[in-house]
Amino acid sequence: MIGLVTKHFGLAGLAACALLALPASAQDVERGEGLYFHHCAACHGREATGHGPMAGVLIIQPVDLTALTGEDGVFPTERVVKRIDGRDPLVSHGSPMPVYGPYFEGRDTAIKTPAGQPILTSEPIVDLVAYLQTLQRN
């Protein structure tokens with residue numbers, strides 16, 4: 001099989017097949033909680049309701065992260081990932097979020113949306129999203 005893949009798709013095809021064969025890393029809620037308190041709680045608050053000590057200096061007030069799941073009960077994974085990793089920047093931070101950008105880069109992994117669509121992002125963001133999902137009160 002390897003010979004067939006390299007013959008038709010080259011080494012890049014072989015590398016892509018190898019990556020697809022690897023299991024996605026598991027989400028680590030405990031690590032996500034630590035990341036939240038270290039990087040996010042100053043603005044979003046310890047309870048994640050948007051009332052952190054730095055909220056008053058932001059142009060746009062932080063959202064209540066415990067209410068991300070809408071009335072349909074579906075957590076907006078793609079929107080949250082893109083907001084955190086900077087693909088959907090926030091003006092309130094004065095720069096694209098996350099303000100701790102380099103920390104959240106690297107160690108790429110995939111996370112799936114509720115519809116099953118994979119999104120490539122970093123492992124720390126996957127962990128952070130896993131923690132945010134546990135906070136939902138809807």
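1. Ser122 counts as buried, at 3% relative accessibility. In this predicted model, Ser122 has its place in strand E2, which covers residues 118–122. Leaving out residues up to four places away in sequence, Ser122 touches Phe104, Glu105, Gly106, Arg107, Asp108 and Thr109.

2. The protein has 6 helices and 2 strands. Read from the N terminus, the elements follow the order α-α-α-α-α-β-β-α. Of the 138 residues, 36% are buried.

3. Helix H6 takes up residues 123–134. H6 has 12 residues and reaches 17 Å from its first C-alpha to its last, close to the 16 Å expected at 1.5 Å a residue. Because 9 of these 12 residues are buried, H6 is largely enclosed by the rest of the structure. The buried residues are Pro124, Ile125, Val126, Asp127, Leu128, Val129, Ala130, Tyr131 and Leu132.

4. How do H2 and H6 cross, and within what distance do their axes come? The axes come within 7 Å and cross at roughly 90 degrees. That angle makes H2 roughly perpendicular to H6. On the H2 side the contact is made by Val29, Arg31, Gly32, Glu33, Leu35, Tyr36 and Phe37. On the H6 side it is made by Glu123, Pro124, Asp127, Leu128, Ala130, Tyr131, Leu132 and Thr134. By type, the residues of this contact divide into 9 nonpolar, 2 polar and 4 charged.

5. The next topic is aromatic rings. A search of the whole structure finds 3 aromatic pairs. In one of them, the ring centres of Tyr36 and Tyr131 are 5.7 Å apart and the planes stand at 45 degrees, so the pair is tilted. Tyr36 lies in helix H2 (residues 29–39) and Tyr131 in helix H6, so the pair ties together parts that are 95 residues apart in sequence. Both Tyr36 and Tyr131 are buried.

6. Phe37 also pairs with Tyr131. Their ring centres are 6.4 Å apart and the planes are at 55 degrees, so this pair is tilted. Here too the partners come from two helices: Phe37 lies in H2 and Tyr131 in H6, so parts 94 residues apart in sequence are tied together. Is each of these two residues buried or partly exposed? Phe37 is partly exposed, with a relative accessible area of 30%, whereas Tyr131 is buried, with a relative accessible area of 8%. Together, Tyr36, Phe37 and Tyr131 form one aromatic cluster. Tyr36 and Phe37 of H2 and Tyr131 of H6 are also among the residues that make the contact between the two helices.

7. The loop between helix H3 (41–44) and helix H4 (77–85) holds Ala55. With a relative accessibility of 5%, Ala55 counts as buried. Ala55 and Gly45 are 10 residues apart in sequence, and their C-alpha atoms are 8.3 Å apart in space. Not counting residues up to four places away in sequence, Ala55 touches Ala42, Cys43, Gly50, Gln61 and Pro62.

8. Met54 is found in the loop between H3 and H4. Met54 is partly exposed, with a relative accessible area of 40%. Which residues does Met54 contact, leaving aside its neighbours within four places in sequence? They are Ala42 and Cys43. Met54 and Cys43 are 11 residues apart along the chain, and their C-alpha atoms are separated by 4.9 Å.

9. One backbone angle deserves a look. Most residues other than glycine have a negative phi. Ala48 is not a glycine, yet has a positive phi of about 65 degrees. Where does Ala48 lie? Ala48 is in the loop between H3 and H4. At 1% relative accessibility, Ala48 counts as buried.

Terms used
Residues are numbered from 1 along each chain as its sequence is written. This is a predicted model: local features need pLDDT of at least 70, side-chain atom pairs count only at pLDDT 80 or more; totals for chains, interfaces and linings use all residues. Side-chain values use heavy atoms; hydrogens and water are left out. Rings of Phe, Tyr and Trp (its six-membered ring) pair if their centres lie within 6.5 Å; planes under 30 degrees apart count as stacked, over 60 as edge-to-face and the rest as tilted. Helices (H or I, at least four residues) and strands (E, at least two) are DSSP runs, numbered from the N terminus. Buried means under 20% relative accessible area, exposed over 50%, partly exposed in between (1.4 Å probe, protein chains only). Contact means heavy atoms within 4.5 Å. Axes are lines fitted to C-alpha atoms, for helices over the stretch in contact, and angles run from 0 to 180 degrees between N-to-C directions. Angles under 35 degrees count as roughly parallel, over 145 as roughly antiparallel, 65 to 115 as roughly perpendicular and the rest as oblique. Ala, Val, Leu, Ile, Met, Phe, Trp, Tyr, Cys and Pro count as nonpolar, Asp, Glu, Lys and Arg as charged, and the others, Gly among them, as polar. The expected span of a helix is 1.5 Å times one less than its number of residues.
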